[in-house]
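Please keep the sequence and the structure in view while reading.

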Amino acid sequence: ELAKAMDHVRVVIAGDEVEEFFQLYGFRASAAAVYNHISDESVGQPFAHSLLGEKKACEAISLMADPFLDHSPYSKPVDDEGTVLSAYSILENGVVK
């Protein structure tokens with residue numbers, strides 16, 4: 001029952017946890033790791049599917065980068081190089097976008 005109640009809970013992570021997650025994601029999604037067969041991540045595949053095997057723990061995870069979060073000190077319309085920013089999906093239902 002508790003799992004059903006948490007079906008659509010929005011969780012915001014901050015601080016060290018964000019950095020730790022993106023270090024894992026960045027490494028596993030890097031071209032060098034894929035090229036050197038250290039990682040087998042690819043667009044359209046479940047994230048960390050080779051690590052999780054048949055477990056589908058990541059199916060419940062959707063991750064979006066949103067430069068326009070309300071009340072965020074990091075909200076901004078352009079990046080440091082002047083590129084216009086927009087929200088985009090990184091993981092959608094556990095699948096790499």
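A contact means heavy atoms within 4.5 Å. Among contacts in this protein between residues at least 6 apart in sequence, 45% join residues at least 24 apart. The model is predicted: local features need pLDDT of at least 70, side-chain atom pairs count only at pLDDT 80 or more, and totals for chains, interfaces and linings use all residues. Residues are numbered from 1 along each chain as its sequence is written, and side-chain values use heavy atoms, with hydrogens and water left out.

The protein has four helices and three strands, where helices (H or I, at least four residues) and strands (E, at least two) are DSSP runs numbered from the N terminus. Along the sequence, the pattern reads α-α-α-α-β-β-β.

The three strands form an open sheet in the order β1-β2-β3 with antiparallel pairing; two strands pair if DSSP finds at least two bridges between them. β1 (63-65) and β3 (95-96) stand at the edges with a single partner strand each, so one side of each has no neighbour in the sheet. Three bridges join β1 to the antiparallel β2 (residues 88-92), and leucine 63 has leucine 91 of β2 as its bridge partner.

Leucine 63 also belongs to the largest nonpolar core, which has eight residues, including Tyr25, Phe47 and Val96. Such a core is a set of buried Ala, Val, Leu, Ile, Met, Phe, Trp, Tyr and Cys residues joined through side-chain atoms within 4.5 Å. Buried means under 20% relative accessible area, with exposed over 50% and partly exposed in between (1.4 Å probe, protein chains only). Buried residues make up 15% of the 97 residues in the protein.
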